[in-house]
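My notebook is open, and I am looking up a few things in this model. Come along if you like.

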Amino acid sequence: MKTLHIHLGADSYDIAVGHGLLEKAAERFNLNRKVLIVTDDGVPPSYAETVCRQCKEGHIVTLRQGEESKTMLSVIELCRTMMLRGFHRGDAVVAVGGGVMGDLAGFTAASYMRGIDFYNIPTTVLSQVDSSVGGKTGVNLDHIKNIVGAFKQPKGVIADVDLLKTLPPRQVANGLAEAVKMAATFDASLFEAFERDEPLSMTDIIARSIALKIAVVEQDEKESGLRKVLNFGHTLGHGIESLGLGYDHGECVALGMLPMCSEEVKIRLSTVLQRLGLPTAAVFDPEAAMLAVSHDKKAGGDTVSSVLVDTIGSFRFANLTMDVLRERLTRTFPQIGF
């Protein structure tokens, strides 16, 4: 097991990465109180039940799997459940699921009684390597991802690698896209590990990815500067994701990274993405994707704050016009029929 610590003053916390951690959640989380356990119907029920057995008084709410649950209506449902169950400011919320459940449960915890404790038990590769750490929570509104939200640091995170065993290969690849993102922008040696025939263990990939994210968040908790680098691949990726073409989030991030690279990096990145089973080509309406980009919270005036990678292991920020972004998008993904 590896324990990583994120230093954020009063909001500091530990992230445990390893095997067999779910059964020991009470050793790391304060569950001796009322606890709302938020999960979805795509997660094996035994995961939430294992946490519930360790609580003084646990209440499980199981939502529908997918982005359709990441709404203000779900926040209201969860807050109403806590209100009816007599939850007070000394109680807690635990997310048991992927990034959707983590974002939703975290935002609910930030909102109920102006904030109660929140713990995260991510159950997907995507959420373990990325969204479970850093405190960004939120919900979607009118098909715009995460447009309503808050910074709410968890009190603790458990990344139990054993929980990934039930995931289909596509979901594993989906999560590894975020690990590749971290490697491409910060860690050339980690990227080279993805290029080698002998891959790292999942524990090492998750721990190294989290360590990179911790280094960023500690310097820029509220995304006023450096933390924006974590949006590499997300600006155009969110635009593609908004089209509802059936791509998962990590797959859209994979697609979104390619237009933001130099030609040399694009070749290496494409090879790694293909090896992992992630898409490197797509057919979609570019104008519809750009419309979603224009609504993105990273857009300001006539430009969009973007992250570019010219050399593996490094990055640069650039404010790109919509025309430049459109040109990068259409050059990378020539459209047929649009």
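**Ground rules.** I am working with a predicted model, in which local features need pLDDT of at least 70, side-chain atom pairs count only at pLDDT 80 or more, and totals for chains, interfaces and linings use all residues. Residues are numbered from 1 along each chain as its sequence is written, and side-chain values use heavy atoms, with hydrogens and water left out.

**Sheet.** I looked up the strand order and found an open sheet of seven strands, β1-β2-β9-β6-β5-β3-β4, with mixed pairing. Strands (E, at least two residues) and helices (H or I, at least four) are DSSP runs numbered from the N terminus, and two strands pair if DSSP finds at least two bridges between them. β1 (2-6) and β4 (57-63) are the edge strands; each has a single partner, so one side of each lacks a neighbour in the sheet. On average, neighbouring strands are turned by 15 degrees against each other, direction ignored. Axes here are lines fitted to C-alpha atoms, for helices over the stretch in contact, and angles run from 0 to 180 degrees between N-to-C directions.

Ile-15 stands opposite Val-157 in β9.

**Helices on the sheet.** Helix α2 (residues 45-53) lies across β3 (34-40), β4, β5 (92-97) and β6 (117-122), at about 165 degrees to β4. Helix α3 (residues 72-84) lies across β3, β4 and β5, at about 160 degrees to β4. Contact means heavy atoms within 4.5 Å.

**Hairpin.** β7 (residues 136-141) and β8 (residues 144-151) run antiparallel, with five bridges. I note that Thr-137 has Ala-150 as its bridge partner in β8. Two residues separate the strands of this hairpin, and Asp-142 in the turn has a positive phi of about 55 degrees.

**Aromatic pair.** I found four aromatic pairs in the structure. Rings of Phe, Tyr and Trp (its six-membered ring) pair if their centres lie within 6.5 Å; planes under 30 degrees apart count as stacked, over 60 as edge-to-face and the rest as tilted. Phe-29 and Tyr-119 have ring centres 4.4 Å apart and planes at 20 degrees, so this pair is stacked. Because Phe-29 sits in the loop between α1 (25-28) and β3 and Tyr-119 in β6, the pair ties together parts 90 residues apart in sequence.

**Pocket.** Which residues line the second largest pocket? Its lining includes Glu-67, Lys-70, Asn-140, Asp-142 and His-143. By class, the lining has one nonpolar, five polar and six charged residues. Ala, Val, Leu, Ile, Met, Phe, Trp, Tyr, Cys and Pro count as nonpolar, Asp, Glu, Lys and Arg as charged, and the others, Gly among them, as polar. A pocket is an open set of points on a 1 Å grid over the protein atoms alone, with protein on both sides within 12 Å along at least five of seven lines; lining residues have an atom within 4 Å of a point.

Technical notes. 1 Å grid on protein atoms, 1.4 Å probe; cavity = no way out; pocket = protein on both sides within 12 Å on 5 of 7 lines; lining within 4 Å.
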